[in-house]
Each structure stands twice: as C-alpha cells, then as structure tokens.
Amino acid sequence: YNNKDGKEMDSFYDQDVVIFQQRGASISSSYDQVKQIAALFPEDTRFAVMITHYDTKNSSTTGAALKKTLADGWTVIPAGDLVTDLWNGKIANTEFKYTKTDFVITKDDVHPNYLTGYIKALMTYCALTSRSAVGADYSFVNRSVSYYANANETQFEDVLASPSEMLLIQELIDKYIVKAGNEMTGAHSYTEWKDVSAATCSTPG
C-alpha cells in the first residue's frame, strides 16, 4: 500500500473510475482498507462502492463506512439494497412475489443470477453518469437457469419477460441511487407542456 520504494506505478492505475466491491462488510476496518487502495490511484480518479447482497446483512458497519465514502465524494451503488428489499417483500406494487432464488442461484446460494447482474450493471452506469435507468434495454440478458438445482426454483426469466415489471425495477434503480445519497441530474420528471405566454411577431413566447 505504501509503495515504500517509490516505484513508478504501471498503467493499471490510470483509470477513470475504480469500483470497490467486497464480501466482508462486517470488517470494521473496511473503510481504512479501501482508502489505502484508493491512495494508489491518481488524484483525478473517481471512486465508487458497490453494495452487494452480502453487505446488507451488515448494515450497521456498512452504513458507517458509506457515510464516510459519501463525505469523500465517492459514489454509492446500492444494488444489494434493491434486490434484498425485493425478495424480502419491502417494495409494493410488484407483479411478482419474490424470493431469494429469483436473484441468487440455488446451487451454491451465493452467486447472483443474470437479472441481478443486469441490475448491478445498470445501477452502476446510472450512478456514475447521473442518467436515468428508465427505458434501458434488457433484451440481451441471458435467461439460462442452468445454475439452478431446479428450473422451477426461480422466476427471474419471467421477470425479464415482463415489460411492466422491468420498468418498475428501472424506476426503483433511480430511486435507490438517490436514496443512497447520490444525485441524479439526468433523471427528470416533466409536467404537461404549457404556453405561459404566446409568442408574437416581435417578442418570443
């Protein structure tokens, strides 16, 4: 970490954005560890922290670290918060009654499936660019259930086949990005267009 010999860093460290993701949010020194790693990169590097479904189990430790990273100007990507809230039934108006297996494969009960991967990737893009997730393509997402012990254990492929549910998930991505403390300058809501004053031949409207 300290580069005691003062060696020149290779091109690996020349990155626009560095995203930290870990399994180990219960480690009290997590913040200090990522700050040590971040110090290796050039000053103009942007940093982000991905919250996984592991991290939500340790919200007290994660929360303290996230407040520090936000204060440092880092971006927080709360993908784990969204997927766990979905499978725990904390979100209203969903078309599906979700369970953990709709987001995490059952053969090892650890790794996320393709729907979760899409949510993580899209939320990362939107959090870093401040653009809205609404309307993003998802037709390319793999719907294979080969990593499940039984294909009937999950319904994530049905979710991907539902335009209304995918729209809801995209809207939730925007909301969770803002809820985590990030700004969404690219996400706008418009009211109905109105003429405040009509234009004339000599004055603009």
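Residues are numbered from 1 along each chain as its sequence is written. Because the model is predicted, local features need pLDDT of at least 70 and side-chain atom pairs count only at pLDDT 80 or more, while totals for chains, interfaces and linings use all residues; side-chain values use heavy atoms, with hydrogens and water left out.

**The sheet**

Helices (H or I, at least four residues) and strands (E, at least two) are DSSP runs, numbered from the N terminus. Two strands pair if DSSP finds at least two bridges between them. β1 and β2 are joined in the parallel sense over 4 bridges, and R46 in β2 is the bridge partner of V17. β2 and β3 pair in the parallel sense over 3 bridges, and the bridge partner of V49 in β3 is V76.

Strand β1 (residues 17-20) has a covered face formed by V18 and F20, and an uncovered one formed by V17 and I19. V49 is found in strand β2. At 15% relative accessibility, V49 counts as buried; buried means under 20% relative accessible area, exposed over 50%, and partly exposed in between (1.4 Å probe, protein chains only). Not counting residues up to four places away in sequence, V49 touches F20, L66, T69, W74, T75, V76 and I77. The C-alpha atoms of V49 and V76 are separated by 5.0 Å, although the two residues are 27 residues apart along the chain.

**The helices**

Helix α3 (residues 79-87) is mostly covered, with 8 of its 9 residues buried. The elements covering its buried residues include β2 (46-50), β3 (75-77), α4 and α6. After α3 comes G89, whose phi is positive, near 70 degrees.

Axes are lines fitted to C-alpha atoms, for helices over the stretch in contact, and angles run from 0 to 180 degrees between N-to-C directions.

| Pair | Angle | Axis distance |
|---|---|---|
| α4 and α6 | about 45 degrees | 10 Å apart |
| α3 and α6 | roughly 130 degrees | within 10 Å |

Angles under 35 degrees count as roughly parallel, over 145 as roughly antiparallel, 65 to 115 as roughly perpendicular and the rest as oblique. α3 is therefore oblique to α6, and α4 and α6 are likewise oblique to each other.

L115, Y118, I119, L122, M123, C126 and A127 in α4 meet M166, I169, Q170, I173, Y176 and I177 in α6. By class, this contact of α4 with α6 has 12 nonpolar, 1 polar and no charged residues. Here Ala, Val, Leu, Ile, Met, Phe, Trp, Tyr, Cys and Pro count as nonpolar, Asp, Glu, Lys and Arg as charged, and the others, Gly among them, as polar. In the other pair, D81, L82, D85 and L86 in α3 meet I169, L172, I173 and Y176 in α6. The residues of the contact of α3 with α6 divide into 6 nonpolar, no polar and 2 charged.

Technical notes:
Contact = heavy atoms within 4.5 Å.
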